[in-house]
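Hello,

Here is the structure for your files. Please look it over before reading my notes.

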Amino acid sequence: MEQAWGGEVLRTSREQLVREGYVLTVGVPGERVARTLRQTGREAIGADLAAQDAPRLQDTEVRSGLRLVATASAALVRARVRLACEVRQRGLHSAEGLTLRDWLVLACPDLDPATVANLVRVAQAAAEPVHAPLLDGVLAGGISLPRAANIHRALARIRKAISAEEYGLAVELLTTAGRNPLFDEQDIARIIEELLRRCLPEDEHEKRNKARRELRDVHESSLADGTVQRIIVTFGDDADYQAVRAILMSPLAAPATADEVEATGEEDSRTPGQRRYDAFMTVLRRGVAGTEGQPTTAKAKLIVTIDFETLRRKLSEGGGQLPGAGAILDRTTVSAGSVRRLACDADIIPMVLGGPSEILDQGRAKRLVTPAQRMRLSVRDKGCSIPGCTIPATWCDAHHVIPWARGGRSDLSNYALLCARHHTWVHEHEHTATVDDHGVTWHLR
């Protein structure tokens with residue numbers, strides 16, 4: 001294989017290098033390896049310095065340069081695998097009272113824990129002749145180190161369930177698949193999954209599912225200063241993962257249609273990730289903050305404390321910069337705009353305060369849309385009432401056209417179905433509408 005960059009040609013064929021005398025240089029093996037690696041290090045530093053001229057390169061030279069770096073990097077990984085195998089074979093780690101992993105951590109401070117784990121696994125697998133095809137795949141450059149480690153993990157799981165002969169065939173099968181340049185990581189994962197499905201006995205599948213389920217986890221990973229909140233979910237079940245993925249891939253996460261953009265006069269500027277977030281939150285809110293007749297739980301109710309003037313005040317006053325927010329019982333701040341939006345359809349208990357913390361309203365049951373009203377709204381509006389929006393009624397909120405905080409009644413003549421995105425949009429822009437027995441006409445211009 002040859003690759004050109006600025007007129008230079010890098011020949012990566014081992015046979016070519018041998019013919020040119022690059023490998024068979026004068027000196028004992030130890031001196032030759034040390035001298036070559038020192039030279040490689042100097043050339044790597046030189047490459048780093050040369051790459052500082054990247055702004056002056058042509059597009060094709062930038063692309064070729066990255067390919068050359070990849071070639072050099074892969075060659076160094078293979079060299080590291082060879083040396084790690086030699087460490088394991090000689091028992092250098094045992095002589096120093098260390099595990100192979102700990103020894104390599106000390107010898108390779110540049111590697112992250114996951115790469116060290118992969119290196120250890122491949123080096124240990126190389127101790128058995130049955131894994132020779134897998135090691136050859138790595139050293140010949142056809143299989144990456146992470147892929148080889150994943151293949152061996154799968155092989156280790158089925159080894160006790162099949163005969164030695166079948167195990168050898170499994171090694172050959174996965175190695176051949178791993179070396180196929182047409183297969184990406186997802187393809188390899190599917191092949192491994194199918195192999196496990198066919199080879200693992202039922203009780204092993206049960207143990208595997210139980211072990212995976214034990215990994216299920218939800219935890220916060222927010223920035224230290226609290227400016228960004230994150231919740232990380234680790235799925236312990238394929239069905240759970242697919243259920244969430246179905247939400248993220250559903251029409252709820254689709255971009256606005258052309259008719260919708262024409263009706264509202266605004267492009268859907270959300271990123272794909274923002275659309276998926278909105279879809280997920282739509283389903284979540286429907287499950288835990290819905291009104292009577294929808295899936296809900298009493299534990300999901302929020303008691304929001306907010307003063308009446310803040311709740312009533314229009315966002316347009318002061319350009320939305322006027323102070324004012326609510327708070328739930330754990331003292332978490334909830335913006336007044338969010339309270340106004342939630343007051344339409346969510347099962348919250350607004351503790352509205354007057355003068356010196358005088359309680360004016362603790363919520364009114366008649367404020368919330370009833371199951372019968374929702375059914376009639378579904379028939380009347382059929383879905384989000386914004387022209388062009390395709391979100392079905394099931395995933396829509398019942399919006400008070402005249403806001404509840406401003407005396408709006410909880411009647412069909414004051415309700416309009418809106419999807420979560422347009423519900424927020426209508427509140428932000430304070431759009432109004434005319435409602436009659438035939439549906440909703442929004443005044444968007």
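Predicted model: local features only at pLDDT ≥ 70, side-chain atom pairs only at ≥ 80, totals over all residues.

Residues are numbered from 1 along each chain as its sequence is written, and side-chain values use heavy atoms, with hydrogens and water left out.

Cores first. A nonpolar core is a set of buried Ala, Val, Leu, Ile, Met, Phe, Trp, Tyr and Cys residues joined through side-chain atoms within 4.5 Å. Buried means under 20% relative accessible area, exposed over 50%, partly exposed in between (1.4 Å probe, protein chains only). The largest core has 36 residues. Val-81, Leu-104, Leu-119, Leu-155, Ile-158 and Ile-192 touch the most other members. Helices supplying at least two residues each include α3 (59–90), α5 (100–107) and α10 (185–199). Helix α8 gives the most, six residues. Helices are DSSP runs (H or I, at least four residues), numbered from the N terminus.

Leu-155 is in contact (heavy atoms within 4.5 Å) with Tyr-167, Ala-170, Val-171 and Leu-174, leaving aside neighbours within four places in sequence.

A second, separate core has 28 residues, among them Ile-247, Cys-389, Ala-393 and Ala-398.

Next, the partly exposed Val-33. Its relative accessible area is 43%. Val-33 lies in helix α2 (residues 29–50).

Last, the cysteines. The whole structure has zero disulfides (pairs of cysteine sulfur atoms within 2.5 Å). Cys-85 counts as buried at 10% relative accessibility, and Cys-108 counts as buried at 9%.

Best wishes
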